[in-house]
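Hi there,

Here is the model I promised to pass on. Please have a look at it first, and then read my notes below.

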Amino acid sequence: MLVGGVGGAKLAYGLYRVMPPEDLTIIVNTGDDFWHYGLRICPDLDTVMYTLAELVDKTNGWGVAGDTRNMIEGLRHFGETPWFGLGDKDLATHLLRTQMWHSGETLTKITRRLTSSLHISCTILPMTDTPVATIFNTVEAGELPFQEYFVKHRWQPTVTSLRFDDIENAVVSTSVRSAIENADTIIIGPSNPWLSVDPILNIPEMRDLIVARDVPRIAVTPIIAGDAVKGPAAKLMREWGYPVSAERVAQHYGDVINGFIHDVADADFDTAKLTDSVVHSVAMDTMMTTYEKREQLARQILKWTEETYL
Ligand code: FO1
């Protein structure tokens with residue numbers, strides 16, 4: 001499956017619980033990765049990793065449960081104003097990752113080391129080993145790297161456009177290629193299509209690799225009843241003059257998908273608005289408000305896929 005952070009991680013958790021973990025590969029956005037005080041931070045990879053390891057802070061959906069912020073707060077002694085909430089336990093992840101990074105390991109290998117230490121038995125892969133940076137053009141604050149827009153400015157500036165720096169140099173890793181070529185279903189999680197999924201799809205070759213697969217290629221909506229479950233998706237859609245609808249999300253994915261899951265709350269979901277490639281769509285309860293509902297949605301998706309795509 002293809003995911004960003006919190007929303008995608010919840011569905012990834014559901015799938016992890018209901019299917020053989022060795023059959024599950026999660027390809028994660030790294031466009032919001034960045035350097036902070038010399039550390040390589042990969043928020044979406046960590047969110048997926050902590051969620052699957054049941055270490056995640058349940059209130060935020062990211063970071064480590066029960067973590068303290070002594071180190072980052074200590075920076076105030078030196079006149080710094082910490083704006084990115086790095087927890088003390090979470091720092092262990094960034095220290096190890098950064099050490100391995102500087103010794104020349106790939107992010108794929110680093111992620112394998114971290115996830116296997118946490119006894120995660122499915123595969124979590126960065127979308128690429130090549131650093132890519134999502135950059136926003138905003139009206140109020142000019143150009144902003146992802147985490148400055150998202151965390152420092154609390155995604156309040158108006159976004160006129162975004163770009164993925166160095167995407168043209170990004171390479172599909174052997175592991176990602178093999179996962180896509182061997183997948184019997186490809187699921188795009190309920191992640192932000194523009195901020196979390198587009199960086200993955202825009203890696204040269206990636207879209208073609210996915211579209212070439214004659215398997216169920218399904219996206220789960222992150223938009224329910226005209227709003228985003230979490231984060232700036234709906235706000236961005238409004239800023240760009242798009243209708244804030246699940247149909248608009250499906251249209252955005254175009255021929256990358258051949259199936260779409262919208263929420264039961266969107267009873268008036270209009271299949272006539274879907275592009276020709278989307279041959280199947282269905283309503284499910286996609287609000288994963290409990291652990292049980294994550295598993296329920298995962299089970300339903302697998303069952304629907306098996307029954308619908310014969
Ligand atoms: N998101 C915030 O809104 N505020 C934070 O201070 C913050 C810290 C943070 C630390 C580690 C980590 O792995 C994620 C963190 N996030 C934080 C989430 C992060 O910004 C994600 O990139 C976004 O949620 C988009 O997926």
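Let me start with Y37, which counts as partly exposed because its relative accessibility is 41%; by that I mean between the limits for buried (under 20% relative accessible area) and exposed (over 50%), with a 1.4 Å probe and protein chains only. Before going further, a word on the basis: this is a predicted model, in which local features need pLDDT of at least 70 and side-chain atom pairs count only at pLDDT 80 or more, while totals for chains, interfaces and linings use all residues. Residues are numbered from 1 along each chain as its sequence is written, and side-chain values use heavy atoms, with hydrogens and water left out.

Back to Y37: it sits in the loop between β3 (34-36) and β4 (39-41). Strands here are DSSP runs of E with at least two residues, helices are runs of H or I with at least four, and both are numbered from the N terminus. The phi of Y37 is near 50°, a positive value in a residue other than glycine. W155 also has a positive phi, near 40°. You will find W155 in the loop between α6 (146-152) and β8 (159-165), and with a relative accessible area of 26% it is partly exposed.

In strand β3 there is H36, which counts as buried because its relative accessibility is 7%. Apart from neighbours within four places in sequence, H36 is in contact with I41, W83, F84 and L86, where contact means heavy atoms within 4.5 Å.

Now the ligand. Which residues surround it? They are D32, P43, D44, W62, F84, G85, D90, F146, Q147, F150 and V151, each with a heavy atom within 4 Å of the ligand. Six of the shell residues are nonpolar, two polar and three charged, if Ala, Val, Leu, Ile, Met, Phe, Trp, Tyr, Cys and Pro count as nonpolar, Asp, Glu, Lys and Arg as charged, and the others, Gly among them, as polar.

Of the 530 Å² of accessible area that the ligand has on its own, the protein covers 87% (Shrake-Rupley method, 1.4 Å probe). The elements giving two or more residues to the shell are α2 (43-52) and α6, and α6 supplies the largest share, four residues.

Next, strand β10 (residues 217-220) is covered on both faces: R217 and A219 on one side, I218 and V220 on the other, are all buried. It runs parallel to strand β9 (residues 186-188), to which three bridges join it; strands pair if DSSP finds at least two bridges between them. I188 has A219 as its bridge partner in β10. Three bridges also join β10 to strand β13 (residues 259-263), again in parallel, with I218 opposite G259.

Finally, helix α8 (residues 193-201) has nine of its nine residues buried, so it is largely enclosed by the rest of the structure.

Best wishes
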